[in-house]
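Please keep the sequence and the model in view as you read.

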Amino acid sequence: MFRFGSALNSAFVVSAIGMSVSAFASYPNYSDSAVYVGGDQVVYQGDVYRAKWWTQYEPPVSENPTGVWEYVGANVPPSEPPIEPPIYLPPESAPAYDDSKVYVAGDRVYYESSIYEAKWWTQGEAPNAENGTGVWDHKGDGSDGGDGSTPPPEDSDNGIIGQNPDGSYIMSAEFLANKEAELTDSPEFDAVRASIATRDNAIVEAVRPGAAGNPENVRRVEEMIDQSKWDYLFPERDAAYTYENFLKAIAKFEGFCATYTDERAAESDAICAKSLAVMFAHFTQETGAHNPHSPNEEWRQGLYFVREAGCGDDPNSCGYNSECAVDNWQTQAWPCGTTPEGHYVKYFGRGAKQLSYHYNYGPFSDFIFNDVKVLLEDPEQVADSWLNLASAIFFFVYPQPPKPSMLHVIDGTWQPTEQDIAEKRVPGFGVTTMIINGGIECTEEQEKPQSVNRIKYYRGHAAALSVEIPADEQLGCAGMKPFRNQGDTGFGLYWENDWSYVADNPEGASFACKIVSGYQTAHTTLKEGDYAKCVQEYYGVTVE
């Protein structure tokens, strides 16, 4: 649940929505000898299931122990056959039939107010000849709809404005843009868009410590943390985590440590300081030295690693990238780069949050550069540039529905429902641990060692940044249940095919996509234009 107000005084961003399958899907039957990756769909005992991540051997049943399989829908045909409206093609879309001409497969002709297409070689056989060989395929009537369109039903509004000679449809770009805006018009989407807003990289690259032209949120952070403070907080950091890179990472995200324009405006500094303390605590757990013999307290040993331990350019290191060789929608959307020697580039953990796997590097690259290939071809940028810290802030501000972003937990945008409260998900540091790694650290009644560490590090960074921790703030996550969908909130990160059967549409198809949460697709609701790309992918339409 989202709300707009403050929760700071009181508490201080690849389960899913089921989709009905209304036609026989061309999915393979499940095989326990096959390897499946996130997004793969299979038929098992008459139902369709989708894998959330890599799996083998575990059958897709509703009570699968790891939760890797999600139920999509019954693999059954629609209850009634689709209604196919007449197709209208203009006479000028094909030459008039000539009885003396030789036609081959694919040739089209106009004959007696209709368009026909030859299936194979023919001569002298009229398209509607009695006792014909069946060589001609009727493609549409040419006597109406002279613009070549397939007129939708009188009251239908499906965005179809015409039809191509190959039978595919043409949809209105304006219609699709308006549909995208309509589906994402809500306070939830507005709040997320504001929190993940970014600046142009040219502005980011111009940031320097103490520069008068630094963005407002950067100047706010500089007042709290200068170079000497940065050195004190992270004395054992890798050399790549420079103070300047830290400020540039802040600059990229307009919504991080920003000035609020509602009733939280007076708390902007406090929300910023708490955000930094929470984020630094998680840095320290994820990439800290954890050295009990160091002269520095453990909470000050963060950012020690910039690359995953034991990983490097050696193609045999780390065991990553087996997924790159799989031909699926993920490798098509985020194609793995290769080295000059022909090996796949390694997508091991890099940066303060240890960004890993091509299906995370690709979307992050798209977010930063509007180009998925930049980091897929050169993932080292996440280690040796300001992206080493920006990747962690990205994870901090970006939601993972049904999980809110950590920023929205801290600034009060997210408020728990009754079910959240009953399952111990309440505002505070503990729920941010659930967001990061709840499946491993928050599944037992006793606090796991990792969670205990995070609490210790949070206390240290909070004290260093003068952040008061309320006595009633829930710091741990023991016994906390994972986030789960609580009805259709209308918010989700991804577009998915809308499998609905629409009787008035050609072939009963919806020619639409819908919002889903809980699993990743190639198209995000937070990138303008991705709705049209989703419709194009599933329906093969031309957008004009």
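## An open sheet

The bridge partner of Met171 in strand 13 is Val543, where strands (E, at least two residues) and helices (H or I, at least four residues) are DSSP runs numbered from the N terminus. Strand 10 (residues 169-171) and strand 13 run parallel and are joined by two bridges; two strands count as paired if DSSP finds at least two bridges between them.

These two strands belong to an open sheet of three strands, which has the order 9-10-13 and mixed pairing. Strand 9 (160-163) and strand 13 (542-543) stand at the edges with a single partner strand each, so one side of each has no neighbour in the sheet.

## Where the model comes from

This is a predicted model, in which local features need pLDDT of at least 70 and side-chain atom pairs count only at pLDDT 80 or more, while totals for chains, interfaces and linings use all residues. Residues are numbered from 1 along each chain as its sequence is written, and side-chain values use heavy atoms, with hydrogens and water left out.

## The chain as a whole

The protein chain holds 18 helices and 13 strands. Of its 544 residues, 52% count as buried, a word that means under 20% relative accessible area, with exposed meaning over 50% and partly exposed in between (1.4 Å probe, protein chains only).

## A hairpin

Strand 5 and strand 6 pair in the antiparallel sense over four bridges, and Tyr110 stands opposite Ile115 in strand 6. The two strands form a hairpin with two residues between them, and Glu112 in the turn has a positive phi of about 50°. Strand 6 (residues 114-118) is mostly covered, since four of its five residues are buried.

Val104 lies in the loop between strand 4 (102-103) and strand 5 (108-111). With a relative accessible area of 41%, Val104 is partly exposed.

## An enclosed helix and a partly exposed residue

How many residues of helix 13 (residues 387-397) are buried? The count is 11 of the 11, so helix 13 is largely enclosed by the rest of the structure. Among these buried residues are Leu387, Asn388, Ile393, Phe394, Phe395 and Phe396.

Asp384, in contrast, is found in helix 12 (residues 381-384), and counts as partly exposed at 48% relative accessibility.
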